[in-house]
Amino acid sequence: MQDVIVRVLIGAHRVVRDHPRVHQSLISLVNRSVGEKRVNSSIIELTRPDDVVWDVGANIGTYTRLFLDRVGSGGHVVAVEPVPSNAAILRALGPSERLTVVEGALASSDGETSLVVSGKSGETSSIGDGPDALTVRVARGDTLIDEGVPSPQIVKIDVEGFEGDVLDGMSSVLPGVRSVIIEVHFAAMARRERPAEPLRLVRLLRDCGFGVRWVDPSHLVATRER
């Protein structure tokens, strides 16, 4: 049934992706009217006091703030963000005892990449070269664990079409994760010539023991089945 849902979503995005303005307007409308409310509700439902949370693609900390509130004084949030100006904003959100900011991006391998950033707060980014491109660190989630970053119970991912790459680099992390919240960027995946990537995401999560549900046309929540 989940595969059918994903195929329908892929088809819907395919219909409008040749009209970028219409596509972006629809996505923005859904996120404002439905997505943010349902994602917030999922975060509140799933995150427990004393949890460790990874906010992957934290931007300026909209969800980081909510996670910090939910985990309380005994929990910890790891905010992963490649844009230096955003990382600086994140560091001001809490003390190091409660918040770790990783200035970089999670991926399926370790190294560096060039990132082109657009939008006033760097909310849109893509891999590529250009006069304004940033050289940023990329690392596997498994590498962060080896470096001493605390292992998460909750992972939120919003990385502009590289969601699968993030999960591919977390083979040692995922077994200890209770829930994963992902914004699935269908159009960005299609631009990378990976239109079926959302299907692979769902199957990967299921194979790791998660049940998957869609809270809106762009966000999925995976919760470990006991």
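Tutor: A polar contact is a pair of N or O atoms within 3.5 Å; within protein, one must be able to donate a hydrogen and the other to accept it, and residues adjacent in sequence count only if both atoms are side-chain atoms. This is a predicted model: local features need pLDDT of at least 70, side-chain atom pairs pLDDT 80 or more, while totals for chains, interfaces and linings use all residues. Residues are numbered from 1 along each chain, and side-chain values use heavy atoms, without hydrogens or water.

Student: Which side chain makes a polar contact with the side chain of aspartate 165?

Tutor: Start with helix 6, residues 163-168, which holds aspartate 165 (helices are DSSP runs of H or I, at least four residues, numbered from the N terminus). Aspartate 165 touches Ala107, Ser108, Arg194, Glu197 and Arg200, among others, leaving out residues up to four places away in sequence (contact: heavy atoms within 4.5 Å). Its polar partner, at 3.0 Å, is arginine 192.

Student: Why does aspartate 165 count as buried?

Tutor: Buried means under 20% relative accessible area, exposed over 50%, partly exposed in between (1.4 Å probe, protein chains only). Aspartate 165 counts as buried because its relative accessibility is 11%.

Student: Is tyrosine 63 buried or exposed?

Tutor: Tyrosine 63 sits in helix 3, residues 62-71. Its relative accessible area is 16%, so tyrosine 63 is buried.

Student: How far apart are the C-alpha atoms of tyrosine 63 and valine 39, and what is that separation in Å?

Tutor: Tyrosine 63 is in contact with Val39, and also with Glu36, Asn40, Ile43, Asp55 and Lys156, leaving aside neighbours within four places. Tyrosine 63 and valine 39 lie 24 residues apart along the chain, yet their C-alpha atoms are separated by 9.4 Å.

Student: Which residue just after helix 3 takes a positive phi?

Tutor: Helix 3 has the buried residues Tyr63, Thr64, Leu66, Phe67, Leu68 and Val71. Just after this helix, phi is positive, at about 70°, in glycine 72.

Student: Which valine is in contact with Val80, Leu106 and Val166?

Tutor: Its contacts also include Val155, Lys156, Ile157, Asp158 and Val159, leaving aside neighbours within four places in sequence. The residue is valine 56.

Key
Helix = DSSP H or I, 4+ residues; strand = E, 2+ residues; numbered from the N terminus.
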